[in-house]
Amino acid sequence: MERLLIKDVLSEENIGKSLNVCGWVRTKRESKGFAFLVVSDGSTQDTLQLLINNETPAFQELYRCNTGSAIQATGLLRESPAKGQKFEMEVSEIIIFGEAEPETYPLQKKGHTLEFLREISHLRPRTNTFGAVFRLRNILASSVHEFFQSRGFLWIHTPIITASDCEGAGDLFTVTSLDLHNPPKNDGGDIDFSQDFFGRRAYLTVSGQLEAEFLAMSLGKVYTFGPTFRAENSNTTRHLSEFWMIEPEMAFADLRDDMKLSEDFFRFLCRKVTEKGEKELAFLESQYKRISCEDLARLAETSFAHISYTEAIKELKAAKESFEFPVSWGADLQSEHERYLTDKVIKGPLIVTDYPKEIKAFYMRLNPDGETVAAMDVLVPKVGEIIGGSQREERLDVLEKRMKQTGIPRENLQWYLDLRRFGSAPHAGFGLGFERLVQYVTGMLNIRDVIPCPRAPRTIGF
RNA sequence: UCCCGGGUAGCUCAGUUGGCAGAGCAGGUGGCUGUUAACCACCCUGUCGGGGGUUCGAGUCCCUCCCCGGGAGCCA
């Protein structure tokens, strides 16, 4: 008999059929004459209730079917006479693959704190909460591809190991095969990376953007979706040392096109997740009361507010709120400022554009005013910055001047300048932190709870 | 990295003025013919984060280190 996933079992047309499911026991409720087992297999938020009569041989095996054990059950699907579930399976046979000793299995029938579950990353996907989060994560990931593929973007694979360390995007992890006990030194006493594997110092990528640019300047519209690494000592609920980033890049596009793309993208993802993740969203809402399917459906229909950095500063200066950090033109927006704008003023997603050039990266296109750059940040309530993007500087002379001003060495970036020498054109793109998106959609407050194996300072246990 | 708050049973947490280390849940045993984080009865559960100090006596006070959480900065 073919094994079915629980998500496929629970339907009217299976009533009366003899079926076969595999899964892990969530709870066991025993009486004298019968017992109930609730199993899940990860395919859906729903569980399947198994009814085992004391006449079936399986009843004698129930002492081995404790919470956490892996079993296969064969039986008849039928409508459940009791409240709480529509269907149940009357079991004729149970095969026990692996027991879970109740005294030592860490997951109980009762709820656990997210902090405790973080200590058992290998078992937490078996819980309702993490099952929901990781299924939603999958819906979002596949929807990312669906969005870009349907619009003619090519998925490109930018390198994970890179030699470019000059993007100013943060501290990097060094990749080396040198003997750390006895590394070669040069005359100055520094480690001699010319003797390292690549003949020079290499790092884990902090962004695929620069490479995405040259692919956009040949393939037209591209996007990356891959792991990204930052070695900052950040201990917050919205930073990881290893995270997944999505970076579309478009040739023949300006900041307006970029803003439009980011908005369409975000709204598309909100819509998809309400369509495909209804059960998961409903569970998380009932459990945590942070965001609902209705909220996301509304977001999918809502245009983003637009405001320039200069207007944002005016708005903040006019605020009755007292901020910890002073508001002044030229200073970056602090978390509290962003939160005021999204949560209090706009009450929804917001795109802030045209930041002062001093607080943004060298590759962002200089505006005609000479003071600001064609940058945009998409801010959402609670999570804050979720997308950062810009129109790229396509003018060779302006870019060279900006690199000189900001102290970016040219040696390793000749290829990047070449793109401005040969067939340069306006182009734009953005980066979206995938985990922050998952955080927003699930309502999880800590980013470490939306990725299976979080990497953060002193955190690499699984 | 900085600022707060924590660390007591497998889990969640209480522990008063320094004076016998507790509760609920989980687990075990028994009961129960439709349970739903089942229910009822009984039983079991400790390196009070580590080290040092004060004291007749420290979970409690002091010093120190480690770990966890929240906030800030950095950013996506």
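Me: Leaving aside neighbours within four places in sequence, which residues is A212 in contact with?

Reply: This is a predicted model, in which local features need pLDDT of at least 70, side-chain atom pairs count only at pLDDT 80 or more, and totals for chains, interfaces and linings use all residues; side-chain values use heavy atoms, with hydrogens and water left out. Residues are numbered from 1 along each chain as its sequence is written, while chains are lettered from A and ligands numbered from 1 in the order in which they are written. Contact means heavy atoms within 4.5 Å. With neighbours within four places in sequence left aside, the contacts of A212 are I156, T158, V222, T224 and E249.

Me: Is A212 buried or exposed?

Reply: A212 belongs to helix α4, residues 209-219; helices (H or I, at least four residues) and strands (E, at least two) are DSSP runs, numbered from the N terminus. Buried means under 20% relative accessible area, exposed means over 50%, and partly exposed is in between, using a 1.4 Å probe and protein chains only. A212 has a relative accessible area of 0%, so the residue is buried.

Me: How many helices and strands does chain A have?

Reply: Chain A has 462 residues, of which 53% count as buried. Its C-alpha trace spans about 85 × 60 × 45 Å along the principal axes. The count for chain A is twelve helices and 16 strands.

Me: What share of the contacts in chain A between residues at least 6 apart in sequence joins residues at least 24 apart?

Reply: One example of residues linked across the sequence is V144, which is in contact with F434, among others. Taking contacts in chain A between residues at least 6 apart in sequence, the share that joins residues at least 24 apart is 66%.

Me: Which residues touch the most other members of the largest nonpolar core?

Reply: A nonpolar core is a set of buried Ala, Val, Leu, Ile, Met, Phe, Trp, Tyr and Cys residues joined through side-chain atoms within 4.5 Å. In soluble globular proteins, nonpolar side chains tend to be buried together. The largest core here has 64 residues, and those touching the most other members are V144, F148, F265, F266, F434 and L437.

Me: Which helix gives the largest share of this core?

Reply: Eleven residues of the core come from one helix, which spans residues 128-150. A second, separate core of 30 residues includes Y309, L341, A375 and L379.

Me: Is α8 roughly parallel or roughly perpendicular to α9?

Reply: Helix α8 (residues 309-317) packs against helix α9 (residues 335-346) at an angle of about 80 degrees, with the axes 11 Å apart. Axes are lines fitted to C-alpha atoms, for helices over the stretch in contact, and angles run from 0 to 180 degrees between N-to-C directions. Angles under 35 degrees count as roughly parallel, over 145 as roughly antiparallel, 65 to 115 as roughly perpendicular and the rest as oblique. The angle therefore makes α8, relative to α9, roughly perpendicular.

Me: Which residues of α10 and α11 make the contact between these helices?

Reply: Helix α10 (residues 396-406) and helix α11 (residues 414-421) pack at about 150 degrees, with their axes 9 Å apart. The two are therefore roughly antiparallel. The contact is made by L396, L399, E400 and M403 of α10 with, from α11, Y416, L417, R420 and R421.

Me: What value does phi of K289 take?

Reply: Most residues other than glycine have a negative phi, and most peptide bonds are trans. K289, in the loop between α6 (278-288) and α7 (293-300), is exposed at a relative accessible area of 63%. Its phi is positive although the residue is not glycine, with a value near 55 degrees.

Me: Does D354 count as buried or exposed?

Reply: D354 also has a positive phi of about 55 degrees without being a glycine. It is found in the loop between β13 (350-353) and β14 (375-380). Its relative accessibility is 19%, so D354 counts as buried.

Me: Where is T228 found?

Reply: T228 counts as buried, at 3% relative accessibility. Not counting residues up to four places away in sequence, T228 touches T205, V206, S207, S241, E242, F243 and M245. Its place is in the strand covering residues 221-229, which is β10.
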